[in-house]
Amino acid sequence: MIPLILYVVLGIALVGTVSSCVFLGLALLGVIRFRSSARGQSNAITDDARLPPVSVLKPVHGLEARLKENIESFFVQDYPHYEILFAADEADDAALEVVREVCARYPHIPSRVLVTGALWPNQVVHSFHCMAEAAAHEILVTTDSDVEVAPNYLREIVAPLLDPKVGMVTCVYRGKNAAGFFSGLTAIGMSVEMTAGVLVANLLEGMKFGLGPTTVVRKDSLASIGGYPALKDYIAYDFAIGNLIAKAGYRVVLSDHIIDHVVNQKSFRHMWQNQLRWAQTTRYSRPKGHFGTGLIFAMPYGLLGFFAAALLGHWGIGLILLGVAVLNRLAEAWLVGWVVVRDPRVRRAPWLYPLRDLLGFIVWFASYLNLRYVWRDSRFELKGTRIALRQTSERR
């Protein structure tokens, strides 16, 4: 029985190796499409006279890593007219002191601070709703507090919305490590694994979802789906808003602009909680796609094939399977992590991504074992695509 089991395991490893190579081929096609679309977007950027005023909506929560630098990057935009609105759940949130300090240094940029409370299951969506109600302009740029952007950010992400058929714009991002080794694993996963998945989805079915670090909408396209109240109890509001806007008949555009997503996970526990939360969010937002994700990893199948073949005495086959897996992940890291998002870690430490690939598979498997995840200082229980129960940290 043992040889039979080992041959079955070897067969699984072969299937996984083939499927991960197929995914690499799809990622290559996705990169080609993205680069082609990027050239078209660059040619479409218009002059200042045609750029509409925009409202930037930014919820904050606590003293996150590089918070001051992240916020300041939005005040130095090469864009003619825009305002920035900030929202916190509580008036004594430590982030607001930093926000007010930065706002005071740029009095020529209109800015406001709102205290919104946490009245909906997804409190970030409630913050966006309050800020959207107070926003002076028709175009809303929603962005996370752990995001740092270049001066041409607004100019490049707003331009596609000049086409009335476009209802939303979103963009991919590279992870920016602000802590250490564990944080670096998450960051390179953002740059490569996350981006590769987005590019392949865009290739196969077009953009029908948003990405949380940046979504840009017009108020009319937002109103067509019922506004932010329609998203108040979704787990992944960013996915849901793009999905609903696409269903409403608008195009969702993937911008060629790349932003920095700052990662500050100083311990394995912190990293694990965040990774598991994201995986569970994807599982409930795109159940079929998430299940298929189990076949896009390479390192688990390479290692599985190596050990199964070695125990059967086929060392050559085992080494080939492991070698193919390593080369596959190095190729994907370079193709997506460097060619697309220009993550410098891909050049300095390419070995990080094969390790991250193995971790990613473990997180994927674990996402099927638990229905709860921790976010900010609260614990949530999931039911379908919605948040079914919210427990504050006092009830843990």
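Relative accessible area is used here to class residues as buried when under 20%, exposed when over 50%, and partly exposed in between, with a 1.4 Å probe and protein chains only as the basis. By this scheme Ile12, at 44% relative accessibility, counts as partly exposed. The structure is a predicted model, in which local features need pLDDT of at least 70 and side-chain atom pairs count only at pLDDT 80 or more, whereas totals for chains, interfaces and linings use all residues. Residues are numbered from 1 along each chain as its sequence is written, and side-chain values use heavy atoms, with hydrogens and water left out.

Ile12 is found in helix H1, where helices (H or I, at least four residues) and strands (E, at least two) are DSSP runs numbered from the N terminus. Together with Met1, Leu4, Ile5, Val8 and Leu304, Ile12 forms a nonpolar patch on the surface, and the accessible area of these residues together is about 600 Å². Such patches are made of residues with over 30% relative accessible area and no salt bridge, like charges being joined within 9 Å and nonpolar side chains (Val, Leu, Ile, Met, Phe, Trp, Tyr) within 5 Å; the areas themselves come from the Shrake-Rupley method with a 1.4 Å probe, and for residues only the protein chains shown count as cover. Helix H1, which spans residues 2-44, gives the most to the nonpolar patch, with four residues.

Val99, by contrast in burial, has its place in helix H3 and counts as buried, at 0% relative accessibility. Not counting residues up to four places away in sequence, Val99 touches Val60, Ile71, Phe86 and Val113, contact being defined as heavy atoms within 4.5 Å. Val99 and Ala87 are 12 residues apart in sequence, and their C-alpha atoms are 9.9 Å apart in space.

The structure holds 14 salt bridges, a salt bridge being a side-chain nitrogen of Lys or Arg within 4 Å of a carboxyl oxygen of Asp or Glu. In one of them, Arg105 pairs with Glu101, with 3.3 Å between the closest N and O atoms. These two residues are four residues apart in helix H3 (residues 95-105) and are therefore separated by about one helical turn. An α-helix has 3.6 residues a turn, so residues three or four places apart point the same way. Arg105 is partly exposed at 38% relative accessibility, and Glu101 is likewise partly exposed, at 35%.

A further salt bridge links Glu148 with Lys176, the closest N and O atoms lying 3.0 Å apart. Because Glu148 lies in strand S5 (residues 147-148) and Lys176 in strand S6 (residues 166-177), the pair ties together parts that are 28 residues apart in sequence. Glu148 is buried, with a relative accessible area of 16%, whereas Lys176 is partly exposed at 26%. Arg218 forms a salt bridge with Asp220, again with 3.0 Å between the closest N and O atoms; Arg218 is buried at 11% relative accessible area, while Asp220 is partly exposed at 40%. Salt bridges that share partners also join Lys68, Glu72, Glu101 and Arg105 into one network.

Helix H6 (residues 181-205) has 25 residues and reaches 35 Å from its first C-alpha to its last, close to the 36 Å expected at 1.5 Å a residue, where the expected span is 1.5 Å times one less than the number of residues. A kink of about 40° in H6 is centred on Met190, the bend at a residue being the angle between axes fitted to the seven residues ending there and the seven starting there. H6 is followed by Gly206, for which phi is positive, near 80°.
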